[in-house]
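Biologist: Hi! Could you walk me through this one?
Modeller: Happy to, here it is.

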2 protein chains.
Amino acid sequence: MKNDANVAIEIVKAPTSKIDSVDFENLSFGHIFTDHMMVCDYENGAWKRPKIVPYGPITLEPAAKVFHYGQAVFEGMKAYKDKDDKIWMFRPLENFKRINKSSSRMAIPEIPEEYFMPALEELVKLEKDWIKKGFGNSLYIRPFVIATEAGVSASPSKNYKFMIICSPAKSYYTGEVRVQFSERFSRAADGGVGSAKAAGNYGAQFYPTGLANAEGFQQIIWTDASTHEFLEEAGTMNIFFRINDTLITAPTNDRILDGVTRKSIIKMAEENNINVEVRKVAVKEIIEAANNGTLKEIFGTGTAAVINPIAGFGYQGKKYELPKLTDSYASFLKDALMKIQYNLAEDKFDWRYLVE
Amino acid sequence: MKNDANVAIEIVKAPTSKIDSVDFENLSFGHIFTDHMMVCDYENGAWKRPKIVPYGPITLEPAAKVFHYGQAVFEGMKAYKDKDDKIWMFRPLENFKRINKSSSRMAIPEIPEEYFMPALEELVKLEKDWIKKGFGNSLYIRPFVIATEAGVSASPSKNYKFMIICSPAKSYYTGEVRVQFSERFSRAADGGVGSAKAAGNYGAQFYPTGLANAEGFQQIIWTDASTHEFLEEAGTMNIFFRINDTLITAPTNDRILDGVTRKSIIKMAEENNINVEVRKVAVKEIIEAANNGTLKEIFGTGTAAVINPIAGFGYQGKKYELPKLTDSYASFLKDALMKIQYNLAEDKFDWRYLVE
């Protein structure tokens, strides 16, 4: 069946705004939502016209397949406001492509670009007052798709709901982050869904991460499930290692998310004559480099934090501290990338996307 | 915080029943639900008193963590009615233990036994008219837990909803089932959540299963993710192979669900002097046995189908057919197990559980 041909987004405005009740100076990440949300239903083999409606609860059958079979994918994006009140996004088409790649792996029908992009842009425009000026302030945008058909037989849903919700965000600072290299638990299997932003990949990490927390680590660096000899990614971030002046990060594969920030950082590093190696990263190599003083930095990359420097790590019961550098690649690259995002620097790669 | 001390279940009855509108002769599995459902909320660090209310939609924030992080687990159980209108279940405490084991792996708080069992039993008693007499008829029971806290930060939910819904079921017959041995895709990683009945494990299988369907196979037999050399389980069933007169099934591990039907079948086979080997099953061994005629049977075990005989399988582009036996272990064990479930045979192992 054809998708609705007329793509004009229907908008039902919230009668009042709750924006005045929000303390924008003290936002904890991902808990306050804006006045509106986007809803687009898939029924009878087609995506219906996207609608923007007041943010509020949704009603589903208790037998909805998302509850039982985890058929759900999501994305994370941000919108920024520059000094002239222009609203920008960062490579949104990459997220659009990736949500469809994730959906495809999870047997969810792909969303047409002519639905995703206007729905996203109209929502961001409508919520522009929620985007505060200032380096680090942003609107975090969460597109997601869930299986809504009622049925407890394990087969793909016939119905879906694609939604976008938004949450105002401040610069994401989590304090000093120390990570534990995983020796036992795994994030994803070869031939599994690790490269998809599938909901179940994240819930599966909570328990092992809790164990790491109890040992004083904020996050886990996942190793390959077969041997636990290679470092792959953090729970919600890709991961980079700097040995001497070379940045090293694992190649994307079945188990590793193809991060938009990751690939942007690789590009920017290369542009700035930093040597980047995209190759398998052995735990052994990192331990050796830590021991002989050539391991200079570890940092994670992702939409929420942009770049999250790692202060230290643990492996086989031993703790390692990283040096505190005044000329870190993490700081340099984070600043350079954010300047592009906030329209404060030239955009050589055409990554910035003007919403309004 | 303490859980509610008073465990009497609150019951709000549906004003009318929809039972007369249901065609019990033509039930498709898992699509019709009974008049009531059980709901038990976790808030402020404690499970609240379970309630039975009319079956109906539930309302959640679009930011509820189940939608974004797949923090969700479930169980599958059945209730049976014997000729004297007594209602029985089959080893329900095993499912209770397993939902908590699954929950623990998914960082979900465990449900107290004094909540789970009375909530389950009261609901089954209330829905007893939905359980039809007759060998093969049953009430399929689906307990599940979902993360309900609104928040798009990847951390365990503070709030949960434990629910039980019920669906009348006929004898589960899917026609001749042929399976494909997986050569590329995987169900679970070592150190992952494959041994938990976590929602995301199931949605992750839909896409590869769809590819197998297109090649004429109804299901996939998953192999280990590291080498694809060992046969582990089917999507929703454990799997047994009969070579000559020996039954072989993989040991449970991180990747394989500890199936209640699986362990009951092992026990019954042993009781009936069938040689059972619980050990790794190499693809190579099964192909050799198929080629030299010693592979007699393959069957899956699970709550829904009890035992599902496999008619043939595919591997590396080649198709293999299994012999049609008049004295199959699958038929014998299925009949023997169901007779216990339906109170038609002696219950040596004390597996039957009288509800009413």
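Biologist: How much area do chain B and chain A bury between them?
Modeller: About 4700 Å², with 66% of it on carbon and sulfur atoms. Buried area here is the accessible area (1.4 Å probe) that two parts lose on being put together, summed over both. Before we go on: this is a predicted model, where local features need pLDDT of at least 70, side-chain atom pairs count only at pLDDT 80 or more, and totals for chains, interfaces and linings use all residues. Residues are numbered from 1 along each chain as its sequence is written, chains are lettered from A and ligands numbered from 1 in the order in which they are written, and side-chain values use heavy atoms, with hydrogens and water left out.

Biologist: Which residues of chain B lose the most area to chain A?
Modeller: Pro62(B), Phe67(B) and Phe206(B), which together make up 15% of what that side buries. As for contacts (heavy atoms within 4.5 Å), 60 residues of chain B meet 60 residues of chain A.

Biologist: New topic: is helix α2 of chain B mostly covered or mostly open?
Modeller: Mostly covered, with ten of its 14 residues buried. Buried means under 20% relative accessible area, exposed over 50%, and partly exposed in between (1.4 Å probe, protein chains only). Helices (H or I, at least four residues) and strands (E, at least two) are DSSP runs, numbered from the N terminus.

Biologist: Over to chain A: at what angle do helices α5 and α7 cross?
Modeller: Roughly 105 degrees, and the axes of α5(A) (residues 260-271) and α7(A) (residues 329-341) come within 10 Å. So α5(A) is roughly perpendicular to α7(A), a label for angles of 65 to 115 degrees.

Biologist: Which residues make that contact?
Modeller: Thr261(A), Ser264(A), Ile265(A), Met268(A) and Ala269(A) from α5(A), and Leu333(A), Ala336(A), Leu337(A) and Ile340(A) from α7(A).

Technical notes: Axes are lines fitted to C-alpha atoms, for helices over the stretch in contact, and angles run from 0 to 180 degrees between N-to-C directions. Angles under 35 degrees count as roughly parallel, over 145 as roughly antiparallel, 65 to 115 as roughly perpendicular and the rest as oblique.
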